[in-house]
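Dear colleague,

Please find below the structure that I am handing over to you. My notes on it follow directly after.

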Amino acid sequence: MSEHAGPLAHHFEDIEQQKDAAALGMWAFLATEVLFFGGALTAYSIYRGLYTKGFAVGSSFQIVPLGAINTAVLLTSSLTMALAVHAAAVGNRAALVRNLALTLLLGAAFLGIKVYEYHHDYVEGLVPGAWFHPTEEVRDRIRPFEQQHGTVDFRQVELYFIFYFVLTGLHALHMIIGMGVLTIQLVLVRRGWFGPEYPTPIELTGLYWHFVDIVWIFLFPLLYLLRHAGGGH
Amino acid sequence: MSTGAPDPQYPSAPQPDAQQEVDYLNASFGWKSWLLTTDHKRIAILYLIVITLMFFVGGAFAVIIRLELATPQADLMEPDTYNKMFTMHGIVMVFFFLIPGIPSILGNFLIPIMIGAKDLAFPKLNLLSWYIYVFGAIFTIWGMLAGGVDTGWTFYTPYSTRSSHSNVIPVAVGALILGFSSILTALNFIVTVHRMRAPGLTWFRLPLFIWSSYATSLVVMLGTPVIAITLVLVAVERVFDWPIFSPPEGDPILFQHLFWFYSHPAVYIMILPAMGVISELVTAFSRKTIFGYHFVAFSSMAIAVFGFLVWGHHMFVAGQSVYAALIFSALSYIVAIPSAIKVFNWTATLYKGSVSWQTPMLYALGFLALFSIGGLTGLVLAAIPIDVHVTDTYFVVAHFHYIMVGGTIMGYLGGIHYWWPKMTGRMYPEGWAKAAALIVFVGFNLTFFPQFIAGYTGMPRRYAAYDERFQVLNVMSSAGASILGFGYLLPFGYLIWSLKYGRHAGPNPWGVTGLEWQTSSPPPPHNFDETPTVTEEPYVYAVEEPEYV
Amino acid sequence: MPGPLERSGQHVPADTPGEQGPVSPDRAEEHPAAAVYGANVTTYYAVFGALIALTGLTVGASYLSFGDAPAIVHTLIAMAIAGVKAGLVLLFFMHLWHSPRLTWLVAFGALLWLAIMMVLTWSDYWSRNWIRP
Amino acid sequence: MIPLADVALFPDQASTVAPSVDHLYYFIIGTTVGVSTIVAVLVIYFAIRYRRRSETPPKPIVGSLLLESLWSGIPLAIVLVMFGWAARVYFEVVTPPQDAIEVFVVGRQWMWTVQHREGQREKNELHVPVGKPIKITLASEDVIHSFFVPDFRVKQDAVPGRYTHMWFQATKPGRYRLYCAEYCGTEHSKMIGWVVVQDPAEYEEWLASRADLSMALRGRQLFLRFQCVTCHSADSQAKAPVLEAIYNRPVRLQDGTVLPAANDDYLRESILNPPAKVVAGYQPIMPTFQGVVTEDELLQLIGFIKSLRPGETPPRNEQSTAPQSDPKAPEPKPFQKK
């Protein structure tokens, strides 16, 4: 992401201008990412509005404690990322390396928990499309819900899981890209790059990582916590 | 003459001896210096080559469509092939020429020079977006060669997800990749305009081409990701057979909402850069400052913002609710006002000017006439009951061709001719260029004006076979299309001819203001020997006090 | 190691007062970046604590039942808490608090456009059954 | 090549709505042509009058607030007038009169099938009486089609998965072109037909000549064939709600909510996807009929349910054939939304 030869690129007046340009560029890129996830979230919110019952049941199939732990893991990785950016700014290389590694580790833990959840959904036959045949045990679990809210149309539940896999899949993909960049930077830091005079690449990765964390901050309640169909239909 | 330390980017550049000046073209040679360049001027030339190629690919599809429509029966080809022709004409022209066209070529070349910078904010990112464009082009052309796609450039579901057996996914992914290329270019422009302006160049001293390119970049940044996610969802639906947009669970109208949320602002992405070029041409060739600078600048921003509120007027008959249709119709009327303000301000700029009739000005005057017709028929379409009658007919086809061909392509050709001496150091042949401009103007009107009449009479769009009673209008249109096609070949010919035999153009062949005309033609690798300082408004020609009418 | 700064010398030093200031106006008033990132570490831990607490709060709130209240009530509560959490991450972890006005504009511009898309799309679905054409 | 006289340059005005749409069109096209000629004349005049004669730059004119406010205020006013007029005409186009004749049109890939309430069925043709409002309910079997009659100035997409509605009232007898306006695949340009507008007498004669089992009766046969009667019968062991006189009546659902009106969409959804809205007090045992019943049969079943009066549910072991002419009971007034 940055030139190894002297930090100041030839076309910038001074280092200050280059840092501002890089920060503004990353923020602008994150704006496009907000709208990229926004398109899928708009579709999700419309369908949740149309099929409230099916989506509430879909959310109830999620393992909420696991989701909460995952959120905590990602928030911790956000903390370590912020500490890494701080370490880069003050030039404390040991702390920088430690925090980058910690962030990577926590990211991997997050993906691990996601893989477990995907497998759990597969076992319960909740993966939409050809693999969607919910087991008896799953149908029994929502008997009390059906007592109170009437029968659940499993095609709506399937639509919920389509969006669950699309949204968390996109989020995981962004995590993987982020972890790739982190790995490259970890290697470069050990070779002595990103001193206090030019910590910008670490800051940019930090901005990106915090953005991915914010996406999860919204995805977690939307996908896991809205389990009530309320008084409405 | 560029003295000073050897430029790190062109280490192998020959040291400048007395008479032979170093510019970005002869700074270094060999395909490596071109394919790995980070000089925004060279990247602009790379874009010019690739985009011109795609323009002629799209044009070929258009010629085939017009040949088929010369006869009422679908006799030239299978209906399926015809469906693929108009689909690919739409996709190639929209995603590969109109959207990247002016920003990637003229924007890339001129924005750094016009604001006195040495290069764009992220030169490597600029080269990356060119490679992404080429990769997207290869992907889509592979999709086309492997049998093409027949869903229309709008990819409406459930046809594109359930019924179409053509390769929707490769072409959709190709368009998706194109989206990233234009996002990265737009990101580059925004950061450059914000962070790298020359000393003294405040926002209200910027040339209007910068204002409209900035507004376009905003629209690209905020719109393109939504078409990216929509195409991802369509591709995911086809791959995993998940009914995201297909009945009974999915809602095809939700696809149309997400698609048109981007695709209407996309038409502003196409026209805004052309408006920026016209602002430059009108002031340069009437040797007078623009009339109402602030109004023209802010109308670009107003178009960019309001453009996102009006997409529902594409869906008046699609089953949208009555009240949503009324909201979108009202907002569509309001979005027409900034465009009208711009046209009136350009016309007022001509008043008491010293108007020269050189080719770029011919294209600008043509733009004023044709864009007015295109824009004002937009008012016809914003009226819901009329739109209920004419949507999906040739009236709509004529409307958007008047804006895209009458507006964007006239602006594009005007801009290419105007900045050709700056880009290549050579002048184009004036006689041939004027002839080509007239042929294009005549051919265009003969092609698309009859379609307004056929449209209101009820000839539906995307029909391989039509009623006999529309044949006369269609034959006129096909005749016009051949004239237009020939008209576009002429500039292609004489501009390449001018590279070798064209007259050498000095730094300022038109005698106009603007930072790009204060450096040599073609400009040195670093645009300016030392960063210029701007002390006054743009377009200041006369010496005495400006007068307020 | 600083890049080759001894260019052709016409570079106008940053602190020359007067009309032709080298920096464009809206970059002038924000702080040098290094001081910002050097802020003390305790704020990060405090923000982290708040985030974990809010996560617990939103999970807890999801177990409450509001009887016949429509499902939208739960969504609004969850989104409010998520908004606060996102705000904390934006302001402190992403240093929006110290960033120039322009960065604020970019951040809130994106959210505004997302709101435009949601509101106008919902205007169609919400008003579809008002009159039966 | 057809004789020049037959070249179409303007559509016929054959429906009540056509004149008002055309008047609005003349108004907007008039202002459009007016404004663009003013701009063109000014541009050409300035270009000639002030063409470049000397190299000295002319006096700069920077702008004028008065002019700017004029040419943004006045266009805004004109544009809002256009919107107001268009909205008024739009309400006329979009609200069908109450006593309209019901016609059911199903679009499927590359053909229109039309069903009249009295049972007449047509392919790519629609016979209607002149002077009577016709309300068309559109459905689609596969992709989006669009029912477009240029001479009536009406068009409406047939969206798969739901019903859409449109109406028109023909004013002149004759044959008018019918097109599919939304791209729907290979034979999109072949999916055309005729709307034949006849005098009332001629129309009655045409109805009689094509007498056929009415939709309601055809629906009754399907009701028996698909064994709906085994659950939806009127006697005591019925495991499903009795469907007599339920059209446009409120329905209490199993989850306690009340559906204001059992309209076409609700009946269609309950047949194709029964668990979506189960009636209170019943179990969701009904199998889905998605893919079993076609759109035309669906319309007939719904036609039958609409025509069911109290006590008319066929007995469970119905062997005898249905009565030939179904009772001409007036259709119940649709439930007015509060």
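In chain C, the centres of domain 1 and domain 2, taken over C-alpha atoms, are separated by 22 Å. The domain assignment places domain 1 at 40–98 and domain 2 at 100–133, with bounds that come from an automatic or database domain assignment.

This is a predicted model, in which local features need pLDDT of at least 70 and side-chain atom pairs count only at pLDDT 80 or more, while totals for chains, interfaces and linings use all residues. Residues are numbered from 1 along each chain as its sequence is written, and chains are lettered from A and ligands numbered from 1 in the order in which they are written.

Chain D contains 7 helices and 13 strands (DSSP runs numbered from the N terminus: H or I of at least four residues for helices, E of at least two for strands). Its radius of gyration is 28 Å, well over the 20 Å that the globule rule gives for 338 residues, so chain D is more spread out than a compact globule; the radius is taken over C-alpha atoms, and the rule is 2.2 Å times the number of residues to the power 0.38. Along the principal axes, the C-alpha atoms of chain D fill a box of roughly 100 × 55 × 35 Å. Of the 338 residues in chain D, 37% are buried (20 or more other C-beta atoms within 10 Å of the residue's own, with C-beta atoms placed from the backbone).

Between chains D and B, 78 residues of chain D are in contact with 83 residues of chain B (C-beta atoms, placed from the backbone, within 7 Å). On the chain D side, H2(D) gives the largest share, 16 residues. That side divides into 51 nonpolar, 15 polar and 12 charged residues; Ala, Val, Leu, Ile, Met, Phe, Trp, Tyr, Cys and Pro count as nonpolar, Asp, Glu, Lys and Arg as charged, and the others, Gly among them, as polar.

The largest nonpolar core has 378 residues, of which Ile115(B), Met221(B), Ala364(B) and Leu368(B) touch the most other members (a core being a set of buried Ala, Val, Leu, Ile, Met, Phe, Trp, Tyr and Cys residues joined through C-beta atoms within 7 Å). Helix H9 (residues 252–285) of chain B gives the most to this core, 23 residues.

In helix H16 (residues 471–501) of chain B, the buried residues include Gly480(B), Leu484(B) and Pro491(B). Among the elements covering the buried residues of H16(B) are helices H2 (40–68), H14 (394–424) and H15 (430–457) of chain B.

With kind regards

Key. Two residues are in contact if their C-beta atoms, placed from the backbone, lie within 7 Å. A residue is buried if 20 or more other C-beta atoms lie within 10 Å of its own, exposed if 12 or fewer, and partly exposed in between; C-beta atoms are placed from the backbone.
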